[in-house]
Amino acid sequence: MKLQPAIQFVAFGLLLLIIPAVLSTPSSAEISVGISVRVEPPALPVYEQPICPGPGHLWTPGYWAWSDDNGYYWVPGTWVVAPVGMLWTPGYWGWHEGVYAWHAGYWGPHIGFYGGVNYGFGYGGVGFVGGEWRHGAFFYNTAVMHVDHVHFRNVYENRTVIVRNESHVAFNGGKGGIDRRPTREEENYSREPHRAALAEQTRHEHAASQNHALFASANHGRPAIAATGRPGEFKGHGVVASRAAGAPYHAPAVSPKEARASAANRPANSASLKAANHPVNGSNKPRVVNTSHASAPHTESRPQNNSHQGSAPHAESHPRNNSHPASAPKAPASHQAPEKHGK
């Protein structure tokens, strides 16, 4: 009987050790399917990035989410105060066995696979080139990020990552989708400890689902609120409207409820997802189809003219695809120390 309190104490201690371990394991968001439908998402709209509201904010690109009542609706891109040292891997739609499945985004130390979708503003389909963490502070690449050059000290400029492209495809795989599979490196990053979307991101998406103007059926792929300066702020000077739809909008032939895939049509587990998104050999460059949504069509594929340095970058600034995509890149040696921009 005297041993019982000691046993309870040990059991309680083991429980305290197990709980953090469970919470620190990779979130199921990156390996499971949140929702599946039988109609493809609209093309990503063309829009500009609102100015960053302050240091420590990271850009989370806009995306098409799904409502069983109203179908696809646009979740505006927005700036979010990031967990220190973490980067945002955007979610993406992936086609598999006749359905389009949503793979939720997550926070982690490296950028994982997000379907090859070119969301713009540093997210070119592979990795992220909009900035990097240095000693607990985030430094912004002003070649692709819209920040205040006068008041932001943690900045650098790397224009070699800028490319032009015309595609606005919003999903991976299937007919008309992006032909891109995760690399071994991205597979490894998917197994790192992750954090799910922050509470403000969840509230932001919910608010978008309640706004009729953001339904694809109402805006035909050109939402009036394409991006916001802060999560949930759908009015005011920080709101940016779309300049154009990414492609002609075609209304689904079925209702949202009819388009919703049943459980039998969804990939059952991570094994089926690996079959759909099998990694390529890490020694080979991934095959990427550029699919930017954030620029008007261009015919050139080269860096912008240096005469534009110092101006706020527009949505047409996109990263060049490369074989080492998964983490925020380090700036060139000439940019290792913070630069001061101002006139």
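Start by selecting strand E7 (residues 92–96), which runs parallel to E13 and is joined to E13 by two bridges. Strands here are DSSP runs of E, at least two residues long, numbered from the N terminus, and two strands pair if DSSP finds at least two bridges between them. You are looking at a predicted model, in which local features need pLDDT of at least 70 and side-chain atom pairs count only at pLDDT 80 or more, while totals for chains, interfaces and linings use all residues. Residues are numbered from 1 along each chain as its sequence is written, and side-chain values use heavy atoms, with hydrogens and water left out.

Now click on Gly94: opposite stands Asn172 in E13.

Next, show the aromatic side chains. Rings of Phe, Tyr and Trp (its six-membered ring) pair if their centres lie within 6.5 Å; planes under 30 degrees apart count as stacked, over 60 as edge-to-face and the rest as tilted. That rule gives 19 aromatic pairs. Pick Trp79 and Tyr140: their ring centres are 6.4 Å apart and the planes are at 65°, so this pair is edge-to-face. Trp79 belongs to strand E5 (residues 77–81) and Tyr140 to strand E11 (residues 137–141), so the pair links parts of the chain 61 residues apart. Both Trp79 and Tyr140 are buried, meaning under 20% relative accessible area (1.4 Å probe, protein chains only).

Methods:
Helix = DSSP H or I, 4+ residues; strand = E, 2+ residues; numbered from the N terminus. Buried < 20%, exposed > 50% of the residue type's maximum accessible area, 1.4 Å probe, protein only.
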